Amino acid sequence: MERFTHNVGENMISYMDQGVGHCVVLIHGFCGNHNYWKYIVPHLVKKNRVLTIDLRGHGDSSTPKNDYEITDMAEDIAMVLNSLQIERATLIGHSLGGYVSLAFAEDYPEKLSGLSLVHSTAYPDSEEGKVGRDKGIKRINEEGIFPFVNELIPKLFSEKNAKELTNQVDFVKGIGYKTSDFGAIGALEAMKNRPDRNDILKNLNIPVLLVAGREDQLIPLDRAFSVEKSNITHSVIEDCGHMSMLEQPDKLTEVLITFLENIVDSKRE
């Protein structure tokens with residue numbers, strides 16, 4: 001299937017563009033790429049235009065030479081949408097992709113029709129979390145991406161699914177191995193430095209969906225569901241860790257389709 005690219009300054013952003021209708025942007029997590037969404041896209045494209053974007057430093061996108069922040073990754077998304085003359089879209093961000101989606105909501109609220117954070121949080125890293133990012137950076141610098149990915153990926157699944165869904169675990173590892181050392185390090189630094197964006201979540205008046213896995217070892221329910229508001233829906237996926245798109249794709253698909261049915265397409269406004 002054809003992939004497209006768009007140059008953002010010196011960086012090249014790779015993406016896929018499928019379907020017609022309201023634009024939905026799917027943004028993968030750390031050490032991931034567009035293939036995280038392989039089970040979800042075929043269902044969403046039936047009624048939507050779906051963009052699956054590889055974040056800078058990941059997948060087929062280029063890795064910047066200099067440090068960058070989450071806001072820079074959000075700008076990449078905005079620039080791709082501008083290049084395609086897409087005025088408004090719904091962003092669905094997984095983990096790191098959720099951090100990018102929140103930064104997008106902060107900087108480009110006029111471009112958003114809806115927002116979903118999937119196994120993500122509006123909170124910043126805790127001090128313990130920042131120490132963990134630094135340890136990850138040190139390990140990648142010393143040993144490369146492979147040992148880091150081998151340790152990280154099983155933690156993304158529930159303990160049960162990590163043992164039973166071995167093909168999916170290996171699939172995610174294979175994607176992680178292709179992440180450049182500098183891409184992973186840049187993303188770790190960006191995540192470590194991101195601010196608290198709960199105020200952004202509180203002030204949004206568009207439909208918002210927060211999705212959490214009951215057995216997520218990285219982001220527990222209280223960090224995922226940080227804001228309660230009439231326009232915000234909380235959805236817990238059972239028997240699932242941090243990777244519902246691969247652990248429970250049918251359940252995530254159902255939740256996302258229900259959410260998207262309530263989005264007012266900008267073309268109809």
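Visitor: Does Lys-192 count as buried or exposed, and at what relative accessibility?
Guide: This is a predicted model, in which local features need pLDDT of at least 70, side-chain atom pairs count only at pLDDT 80 or more, and totals for chains, interfaces and linings use all residues. Residues are numbered from 1 along each chain as its sequence is written, and side-chain values use heavy atoms, without hydrogens or water. A residue is buried under 20% relative accessible area, exposed over 50% and partly exposed in between, for a 1.4 Å probe and protein chains only. Lys-192 therefore counts as buried, at a relative accessibility of 16%.

Visitor: In which helix is Lys-192, and which residues does Lys-192 touch?
Guide: Helices (H or I, at least four residues) and strands (E, at least two) are DSSP runs numbered from the N terminus; Lys-192 has its place in helix α8. Contact means heavy atoms within 4.5 Å. Leaving aside residues up to four places away in sequence, the partners of Lys-192 are Asp-125, Lys-130, Arg-133 and Asp-134.

Visitor: Where is His-58 found, and what is its relative accessible area?
Guide: His-58 belongs to the loop between β4 (48–53) and α2 (70–83). This residue is buried, because its relative accessible area is 0%.

Visitor: What separation divides the C-alpha atoms of His-58 and Ser-180?
Guide: Beyond four places in sequence, His-58 touches several residues, including His-28, Leu-96, Thr-179 and Ala-187. Ser-180 lies 122 residues from His-58 along the chain, yet their C-alpha atoms are separated by 7.1 Å.

Visitor: Which backbone atoms lie 3.1 Å from a polar atom of the side chain of His-58?
Guide: A polar contact is a pair of N or O atoms within 3.5 Å, one able to donate a hydrogen and the other to accept it. At 3.1 Å from a polar atom of the His-58 side chain lies the backbone nitrogen of Cys-31. Also at 3.1 Å from a polar atom of that side chain is the backbone oxygen of Arg-56.

Visitor: Which residue's side chain is joined to that of Ser-14 by a polar contact?
Guide: Ser-14 sits in strand β2 (residues 11–18) and is buried, with a relative accessible area of 2%. Its contacts beyond four places in sequence include Arg-3, Phe-4, Asp-54 and Ser-61. The polar contact of 2.9 Å joins the side chain of Ser-14 to that of Arg-3.

Visitor: How far apart in space are Ser-14 and Ser-62?
Guide: These two residues are separated by 48 residues in sequence. From C-alpha to C-alpha, the distance between Ser-14 and Ser-62 is 8.2 Å.

Visitor: How far apart are the end C-alpha atoms of helix α3?
Guide: The expected span of a helix is 1.5 Å times one less than its number of residues. Helix α3 (residues 96–107) has twelve residues, so it should span 16 Å. The model agrees with this, as the end C-alpha atoms of α3 are 17 Å apart.

Visitor: How many of the twelve residues of α3 are buried?
Guide: Among the buried residues of α3 are Leu-96, Tyr-99, Val-100 and Phe-104. The helix is largely enclosed by the rest of the structure, because the number of its twelve residues that are buried is ten.
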